[in-house]
Amino acid sequence: MTLRQPQLTDLAAIFGIEQSVFGSHVYPDFFFRQAFDLWRDGFWLIEDETGAPAGYAIAAPSERPGEVWVLSLALLPHCRGCGMGRRLLEHLLARQAPRAERILLTVDPSNPAAALYRQLGFVVVGGEDDYFGPGETRWVMEWRGDNAAG
Ligand SMILES: CC(C)(COP(=O)(O)OP(=O)(O)OC[C@H]1O[C@@H](n2cnc3c(N)ncnc32)[C@H](O)[C@@H]1OP(=O)(O)O)[C@@H](O)C(=O)NCCC(=O)NCCS
(Lines give C-alpha, C1' and ligand atoms only; values in the text may rest on other atoms or scores of the structure.)
Protein backbone atom coordinates (compact mmCIF):
# COMPACT_ATOMS: atom_id res chain seq x y z
CA MET A 1 0.00 0.00 0.00
CA THR A 2 1.52 3.31 -1.05
CA LEU A 3 0.27 6.83 -0.55
CA ARG A 4 1.55 9.51 -2.87
CA GLN A 5 0.63 12.68 -4.69
CA PRO A 6 -0.65 11.89 -8.18
CA GLN A 7 1.28 12.62 -11.33
CA LEU A 8 -0.38 13.95 -14.45
CA THR A 9 -0.23 10.44 -15.85
CA ASP A 10 -2.39 9.16 -12.96
CA LEU A 11 -5.34 11.44 -13.67
CA ALA A 12 -7.05 9.14 -16.17
CA ALA A 13 -6.92 6.26 -13.69
CA ILE A 14 -8.29 8.51 -10.95
CA PHE A 15 -11.18 9.52 -13.17
CA GLY A 16 -11.73 5.80 -13.78
CA ILE A 17 -11.95 5.23 -10.03
CA GLU A 18 -14.40 8.12 -9.78
CA GLN A 19 -16.66 6.54 -12.42
CA SER A 20 -16.41 3.07 -10.88
CA VAL A 21 -17.33 4.37 -7.44
CA PHE A 22 -19.90 7.06 -8.12
CA GLY A 23 -21.50 5.99 -11.43
CA SER A 24 -23.10 8.93 -13.16
CA HIS A 25 -22.84 11.26 -10.14
CA VAL A 26 -19.22 12.16 -10.75
CA TYR A 27 -16.80 15.02 -11.06
CA PRO A 28 -15.92 15.58 -14.72
CA ASP A 29 -12.51 14.45 -15.94
CA PHE A 30 -11.21 18.02 -16.25
CA PHE A 31 -11.95 18.63 -12.55
CA PHE A 32 -9.08 16.31 -11.67
CA ARG A 33 -6.65 18.30 -13.81
CA GLN A 34 -7.80 21.46 -12.06
CA ALA A 35 -7.48 19.83 -8.64
CA PHE A 36 -3.98 18.73 -9.62
CA ASP A 37 -3.03 22.31 -10.46
CA LEU A 38 -4.78 23.97 -7.51
CA TRP A 39 -4.49 21.72 -4.47
CA ARG A 40 -1.35 19.64 -4.85
CA ASP A 41 -1.06 19.00 -1.12
CA GLY A 42 -4.75 18.18 -0.87
CA PHE A 43 -4.77 15.56 -3.62
CA TRP A 44 -3.61 12.04 -2.68
CA LEU A 45 -3.60 8.69 -4.38
CA ILE A 46 -3.38 5.30 -2.68
CA GLU A 47 -2.07 2.25 -4.51
CA ASP A 48 -2.73 -1.37 -3.68
CA GLU A 49 -0.02 -3.93 -3.03
CA THR A 50 0.49 -4.41 -6.78
CA GLY A 51 1.07 -0.69 -7.32
CA ALA A 52 -2.27 -0.17 -9.05
CA PRO A 53 -4.29 2.96 -8.19
CA ALA A 54 -6.92 1.94 -5.61
CA GLY A 55 -8.40 5.20 -4.40
CA TYR A 56 -7.99 8.90 -4.04
CA ALA A 57 -8.94 11.81 -1.80
CA ILE A 58 -9.14 15.55 -2.40
CA ALA A 59 -9.29 18.39 0.11
CA ALA A 60 -9.42 22.08 -0.72
CA PRO A 61 -9.27 25.32 1.26
CA SER A 62 -12.39 27.42 1.51
CA GLU A 63 -12.33 31.22 1.30
CA ARG A 64 -12.73 31.32 5.09
CA PRO A 65 -9.30 31.33 6.72
CA GLY A 66 -8.43 28.09 8.46
CA GLU A 67 -11.22 26.10 6.83
CA VAL A 68 -10.68 23.12 4.52
CA TRP A 69 -13.26 20.86 2.85
CA VAL A 70 -12.81 17.23 1.94
CA LEU A 71 -14.32 17.12 -1.53
CA SER A 72 -13.97 13.44 -2.25
CA LEU A 73 -12.82 10.12 -0.82
CA ALA A 74 -13.17 6.98 -2.90
CA LEU A 75 -11.75 3.49 -3.07
CA LEU A 76 -12.39 0.91 -5.74
CA PRO A 77 -14.89 -1.66 -4.41
CA HIS A 78 -12.41 -4.56 -4.36
CA CYS A 79 -9.99 -2.50 -2.25
CA ARG A 80 -12.41 -1.66 0.55
CA GLY A 81 -12.65 -3.05 4.04
CA CYS A 82 -8.94 -3.45 4.72
CA GLY A 83 -8.08 -0.05 6.15
CA MET A 84 -7.06 1.83 3.03
CA GLY A 85 -9.85 4.39 3.33
CA ARG A 86 -8.91 5.11 6.92
CA ARG A 87 -5.24 5.43 6.01
CA LEU A 88 -5.99 7.79 3.13
CA LEU A 89 -8.21 10.04 5.22
CA GLU A 90 -5.84 10.05 8.20
CA HIS A 91 -3.06 11.12 5.87
CA LEU A 92 -5.18 13.86 4.33
CA LEU A 93 -6.11 15.18 7.78
CA ALA A 94 -2.49 15.13 8.92
CA ARG A 95 -1.42 17.10 5.84
CA GLN A 96 -4.21 19.64 6.19
CA ALA A 97 -4.18 20.03 9.99
CA PRO A 98 -1.30 22.55 10.14
CA ARG A 99 -3.28 25.02 8.04
CA ALA A 100 -6.82 24.08 9.08
CA GLU A 101 -8.64 24.95 12.26
CA ARG A 102 -11.62 23.04 10.94
CA ILE A 103 -12.03 20.43 8.22
CA LEU A 104 -15.51 19.87 6.84
CA LEU A 105 -17.21 17.35 4.59
CA THR A 106 -20.66 16.21 3.62
CA VAL A 107 -21.93 12.66 3.79
CA ASP A 108 -25.14 10.82 3.12
CA PRO A 109 -26.42 9.83 6.61
CA SER A 110 -26.89 6.26 5.37
CA ASN A 111 -23.32 5.96 4.05
CA PRO A 112 -21.07 3.65 6.13
CA ALA A 113 -18.36 6.25 5.54
CA ALA A 114 -20.03 8.32 8.30
CA ALA A 115 -18.77 5.74 10.82
CA LEU A 116 -15.22 6.22 9.56
CA TYR A 117 -15.57 9.98 9.90
CA ARG A 118 -16.82 9.65 13.47
CA GLN A 119 -13.96 7.33 14.32
CA LEU A 120 -11.50 9.95 13.12
CA GLY A 121 -13.10 12.69 15.18
CA PHE A 122 -15.64 14.29 12.85
CA VAL A 123 -18.92 15.38 14.41
CA VAL A 124 -22.20 16.29 12.72
CA VAL A 125 -22.61 20.07 12.78
CA GLY A 126 -25.44 20.48 10.29
CA GLY A 127 -27.51 18.89 7.63
CA GLU A 128 -29.65 19.71 4.67
CA ASP A 129 -32.37 17.88 2.78
CA ASP A 130 -31.86 17.96 -0.99
CA TYR A 131 -28.29 19.23 -0.50
CA PHE A 132 -27.16 17.89 -3.87
CA GLY A 133 -30.67 17.79 -5.37
CA PRO A 134 -33.96 16.05 -4.61
CA GLY A 135 -33.49 13.20 -2.14
CA GLU A 136 -29.77 13.92 -1.77
CA THR A 137 -29.74 14.60 1.97
CA ARG A 138 -26.35 15.29 3.46
CA TRP A 139 -24.93 15.78 6.91
CA VAL A 140 -22.20 18.34 7.30
CA MET A 141 -19.46 16.94 9.52
CA GLU A 142 -16.60 18.85 11.07
CA TRP A 143 -13.19 17.87 12.34
CA ARG A 144 -11.18 20.06 14.65
CA GLY A 145 -7.78 19.20 15.99
CA ASP A 146 -9.19 19.24 19.49
CA ASN A 147 -12.04 16.83 18.50
CA ALA A 148 -9.80 14.33 16.80
CA ALA A 149 -9.65 10.77 18.09
CA GLY A 150 -6.32 9.21 18.81
C1 LIG B 1 -15.76 5.22 2.44
C2 LIG B 1 -14.58 4.40 1.94
C3 LIG B 1 -13.52 5.34 1.37
C4 LIG B 1 -13.99 3.64 3.16
O5 LIG B 1 -12.86 2.95 2.73
P6 LIG B 1 -12.51 1.49 3.29
O7 LIG B 1 -11.09 1.20 2.91
O8 LIG B 1 -13.54 0.53 2.85
O9 LIG B 1 -12.62 1.70 4.84
P10 LIG B 1 -11.69 1.03 5.96
O11 LIG B 1 -11.46 -0.39 5.66
O12 LIG B 1 -10.51 1.91 6.16
O13 LIG B 1 -12.68 1.13 7.22
C14 LIG B 1 -12.66 2.22 8.09
C15 LIG B 1 -13.99 2.37 8.79
O16 LIG B 1 -15.01 2.75 7.88
C17 LIG B 1 -16.26 2.23 8.30
N18 LIG B 1 -16.77 1.39 7.22
C19 LIG B 1 -16.24 1.27 6.00
N20 LIG B 1 -17.00 0.48 5.23
C21 LIG B 1 -18.04 0.08 5.99
C22 LIG B 1 -19.18 -0.73 5.76
N23 LIG B 1 -19.41 -1.31 4.57
N24 LIG B 1 -20.06 -0.89 6.77
C25 LIG B 1 -19.85 -0.31 7.95
N26 LIG B 1 -18.78 0.47 8.23
C27 LIG B 1 -17.89 0.66 7.26
C28 LIG B 1 -15.99 1.45 9.58
O29 LIG B 1 -16.18 2.35 10.63
C30 LIG B 1 -14.52 1.11 9.44
O31 LIG B 1 -13.90 0.93 10.66
P32 LIG B 1 -13.76 -0.54 11.32
O33 LIG B 1 -13.02 -1.35 10.31
O34 LIG B 1 -13.01 -0.29 12.56
O35 LIG B 1 -15.17 -1.02 11.53
C36 LIG B 1 -15.00 3.37 0.88
O37 LIG B 1 -15.96 2.49 1.42
C38 LIG B 1 -15.60 3.98 -0.38
O39 LIG B 1 -14.89 4.33 -1.31
N40 LIG B 1 -16.93 4.08 -0.44
C41 LIG B 1 -17.63 4.59 -1.63
C42 LIG B 1 -17.40 6.06 -1.84
C43 LIG B 1 -17.92 6.87 -0.70
O44 LIG B 1 -19.02 6.68 -0.22
N45 LIG B 1 -17.10 7.85 -0.28
C46 LIG B 1 -17.43 8.74 0.80
C47 LIG B 1 -18.31 9.81 0.31
S48 LIG B 1 -18.78 10.90 1.65
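An oxygen atom of the ligand lies 3.5 Å from a side-chain N or O atom of Arg-80, a polar contact (here, a pair of N or O atoms within 3.5 Å). On its own the ligand exposes 920 Å², of which the protein buries 67% (Shrake-Rupley areas, 1.4 Å probe). Around the ligand are 21 residues (a heavy atom within 4 Å); Leu-73, Leu-75, Gly-83, Gly-85 and Asn-111 come nearest.

Please keep in mind that this is a predicted model, with local features needing pLDDT of at least 70, side-chain atom pairs 80 or more, and totals for chains, interfaces and linings using all residues. Numbering runs from 1 along each chain as its sequence is written, and side-chain values use heavy atoms, without hydrogens or water.

Now for Phe-43: beyond neighbours within four places in sequence, its contacts (heavy atoms within 4.5 Å) include Phe-32, Tyr-56 and Ile-58.

Terms used. A polar contact is a pair of N or O atoms within 3.5 Å; within protein, one must be able to donate a hydrogen and the other to accept it, and residues adjacent in sequence count only if both atoms are side-chain atoms.
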